[in-house]
Amino acid sequence: RHRALYATDAIDPLSRVRNIGIIAHIDAGKTTTTERMLHYAGFTRKIGDVDDGDTIMDYLPAERERGITIQSAAITFGWRDHQLHLIDTPGHVDFTVEVERAMRVLDGAVTIVDAVSGVQAQTKTVWTQASRYQIPRIVFVNKMDRDGANWKKAIRDIETKLSVRPLVLMIPEYAGGERLEGRALECWMDVVTMERVVFDIGKDNSGATVRRECWGHSAHAIDARERLIEALSEIDQRTLDVFLSDEVDGDPTKMPAAEISAAIRRVTLSSLASPVLLGASFRNIGVQPLLDAIIDYLPAPTDRPSPLALSPGSIPIQLSKTDAKDRSMQVYLDPSSKLVAFAFKVIVDQQRGPMVFVRVYSGTLDSRMTLVNGTRGGVKERATKLLQMYADLPEEIPSIACGHIGVVLGLKQTKTGDTLLHPQHPSLSKSSKSSSKKHRMIGDSAEPSAIGLQLHGIDVPPPVFFCAVEADSPQDVRPLNEALANMTLEDPSLHVSQDDETGQTLLSGMGELHLEVVRDRMLKDLKINASFGQMRVSYREMAGLEASTEFVYARDIANKAVKAAMRVTVSPIAEGVDSGDSDVEVELPEPFGTDESGGQREAVLAAITDGIGSALFRGTLLGFPVTRTAVRVSDVQYFGEDLSTTAAYRACAGQAFFQALKLSNPVLLEPIAKSTILCPESHIGSVLSDLNGVRKGRVLSLDDSDAENLDSTNATKVLVAEVPLSTMVGYSSSLRSLTAGSATNSNKC
């Protein structure tokens with residue numbers, strides 16, 4: 001391997017930095033495309049291959065064995081005097097949280113679409129994730145060399161299924177939308193620069209040589225340029241003005257390439273449209289123009305809006321213009337300000353310990369700097385080393401500049417989603433005073449609450465599958481617990497809980513593959529001696545009727561009497577209401593207690609909310625989490641500072657909720673999976689029979705994957721069905737058996 005050490009040479013100006021990610025459905029060619037990028041950028045001498053298991057980005061043994069990306073990997077390389085921080089993300093639905101936390105820190109993304117399958121289920125999922133963070137995107141239509149490839153259909157899919165205006169920047173030299181081979185695969189037309197782009201894959205097959213020459217004004221290329229200009233004119237007034245000017249006079253061939261390129265950048269940064277390029281990464285076609293498009297059209301950190309942060313506590317902090325309603329404020333991209341960084345990923349290395357991936361939003365993170373974790377109550381930790389990661393190869397660096405991504409060693413208590421601050425950040429002194437005052441009023445050792453500036457965290461979906469795990473011998477209990485702790489630190493979508501009735505340790509995850517990968521890593525990589533039980537589905541519980549109870553909590557704890565009382569009312573949230581979780585509402589009388597400043601009031605509110613939140617994790621029927629239940633707390637009574645501690649209110653709230661839920665005739669909710677199946681028409685009967693009979697499913701739609709090939713004997717059908725998730729355990733293997741390995745499926749709960 002040849003490593004270009006861009007990090008230690010000089011800090012690039014922020015305008016020359018790109019923080020990008022590669023997102024797509026599984027097996028669309030994300031890692032294959034990334035490997036070509038690294039090779040053409042001079043980072044590697046040999047192109048890695050997913051099938052051979054020698055890729056740089058998929059370095060875990062489980063990834064190389066299965067041929068899929070499981071864990072997002074970051075790498076830094078250069079292209080056209082720019083520094084690119086690239087994150088290659090998984091495409092399987094079970095690892096959606098990896099995409100989520102990568103999206104949280106990215107400035108732009110490349111979405112890869114299969115030219116054969118078009119926009120698939122997970123493509124829409126990751127596109128929605130990117131839209132939630134308002135990330136500008138480029139689309140790369142890959143696998144143009146495969147049988148059944150149809151880039152025109154893929155463009156239609158992008159427009160209809162992703163609801164975005166596609167701007168086609170490259171087209172094949174030979175007209176038609178079908179699969180390309182031979183000379184047709186090598187020659188393309190750049191409709192922006194009016195150049196013929198030739199990929200020389202005849203001699204060494206590496207595709208490293210790209211020639212650009214005059215295109216000769218072919219008719220279909222001019223038509224494509226005209227369509228591009230028309231699309232830009234509809235959403236960009238400046239393009240329309242130039243196109244109708246006397247110099248251009250409505251002639252698409254006279255439109256300056258610089259004007260078109262600038263317009264594409266403007267509409268891309270505003271997410272009004274997405275540039276589309278074509279290619280075949282496995283055949284080394286189209287990757288260099290994609291890299292150029294990343295530089296030309298995706299934003300630098302300076303092009304993105306300043307992220308919003310929250311200022312906890314009742315005292316506002318005056319650092320910038322603050323929204324009084326939700327205490328939101330902007331964190332400006334200023335290298336001279338005090339440090340504000342966001343921890344978006346943690347990897348536990350056997351030699352180095354926790355490796356925390358961070359994005360620096362303000363200030364500079366220096367080696368040996370003391371950091372304050374505001375999310376963990378202001379705990380202080382020292383950054384012993386800073387690293388720039390090249391997949392699994394680290395390079396030590398002296399600092400991580402504003403707008404850049406890097407890795408911090410030495411942070412033992414930092415988790416995914418934490419905000420790291422400079423010890424002298426202005427938000428810390430004011431919020432810490434408010435926090436200490438609240439705790440002093442009650443005289444109880446409450447859990448550390450967030451202090452200082454807080455960047456918005458990462459949304460982690462609840463687990464849907466779980467299995468029991470037990471150590472093989474008493475000597476293996478400690479290694480097992482340590483391994484589980486490290487795995488949950490790395491993966492926030494993985495949960496470990498204890499069954500109070502059986503004493504079993506339960507491991508919960510996002511799906512079958514997710515838990516299989518965790519099991520294989522623990523048994524094969526970490527050499528843990530443990531046994532895993534059968535995989536089961538995680539159900540949910542919900543209040544059946546409205547019920548209310550008055551509860552008085554009076555106990556002697558460590559020879560000290562405590563007392564609290566309140567009324568708790570639970571009621572089901574009707575189906576169709578936009579609330580996928582439970583809602584908790586707490587009412588306290590005015591005034592409450594003896595604290596005129598309101599510090600005691602906020603501490604009691606936090607304690608009651610925490611008590612209800614903890615109780616929601618275990619229902620009264622089978623111990624599953626409670627969802628879609630509205631909880632209202634009222635008539636909270638205060639018995640004096642000595643009796644009514646926060647611990648008393650927390651315990652009272654949990655037990656009162658448990659009692660009210662019992663009275664509400666709770667019901668058990670079974671998770672339903674929306675399964676999308678791509679199946680050849682010759683096997684559709686067997687698949688339908690299995691879904692309607694064995695799986696107890698309900699078919700929602702049955703459509704043709706390609707409307708232009710209806711008469712083909714190999715026409716693919718797209719079947720969408722709702723199926724109980726409990727019947728989908730092991731369905732991937734059963735589907736392959738039913739269809740001779742020709743069908744694929746993806747599930748979404």
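## Around D200

Leaving aside neighbours within four places in sequence, D200 is in contact with G207, T209 and R211. This is a predicted model, and D200 has its place in strand β9, which covers residues 195–200.

## The chain as a whole

Of its 749 residues, 55% are buried.

## Cavities

Rolling a probe the size of a water molecule over the atoms shows where empty space is left. The structure holds 3 cavities of 30 Å³ or more, and the largest cavity has a volume of about 190 Å³. The lining of the largest cavity is made of 19 residues, and the closest to its centre are I70, Q71, E98, D491 and R521.

Which elements give two or more residues to that lining? They are α4 (96–103), β15 (340–349), α13 (477–490) and α14 (512–525). The most comes from α14, with 4 residues. By class, the lining of the largest cavity divides into 9 nonpolar, 3 polar and 7 charged residues.

## Where α2 meets α11

Now for a pair of helices. Helix α2 spans residues 30–40 and helix α11 spans residues 287–297; their axes come within 10 Å and cross at roughly 85°. That makes α2 roughly perpendicular to α11, because angles of 65 to 115 degrees count as such.

On the α2 side, the residues that meet α11 are T33, R36, M37 and Y40. On the α11 side, V287, Q288, L290, L291 and I294 meet α2. Sorted by class, this contact of α2 with α11 has 6 nonpolar, 2 polar and 1 charged residues.

Is Q129 buried or exposed? With a relative accessible area of 4%, Q129 is buried, because buried means under 20%. Q129 has its place in helix α5, residues 121–132.

Leaving aside its neighbours within four places in sequence, Q129 is in contact with T96, V99, E100 and M103. As for the cavity described above, α4 (96–103) is one of the elements that give two or more residues to the lining of the largest cavity.

Finally, a look at backbone angles. Most residues other than glycine have a negative phi. Q134 has a positive phi of about 55° although it is not a glycine, and K143, also not a glycine, has a positive phi of about 65°.

Q134 lies in the loop between α5 and β5 (137–142), while K143 lies in the loop between β5 and α6 (151–161). What is the relative accessible area of each residue? For Q134 the value is 56%, and Q134 is exposed, because exposed means over 50%. For K143 the value is 13%, and K143 is buried, because that is under 20%.

Methods
Residues numbered from 1 in each chain as written. Predicted model: local features only at pLDDT ≥ 70, side-chain atom pairs only at ≥ 80, totals over all residues. Heavy atoms only, no water. 1 Å grid on protein atoms, 1.4 Å probe; cavity = no way out; pocket = protein on both sides within 12 Å on 5 of 7 lines; lining within 4 Å. Points joined across faces, edges and corners; volume = space filled by probe spheres on them. Nonpolar A, V, L, I, M, F, W, Y, C, P; charged D, E, K, R; others polar. Axes fitted to C-alpha atoms, helices over the stretch in contact; angles between N-to-C directions. Parallel < 35°, antiparallel > 145°, perpendicular 65-115°, else oblique. Contact = heavy atoms within 4.5 Å. Buried < 20%, exposed > 50% of the residue type's maximum accessible area, 1.4 Å probe, protein only.
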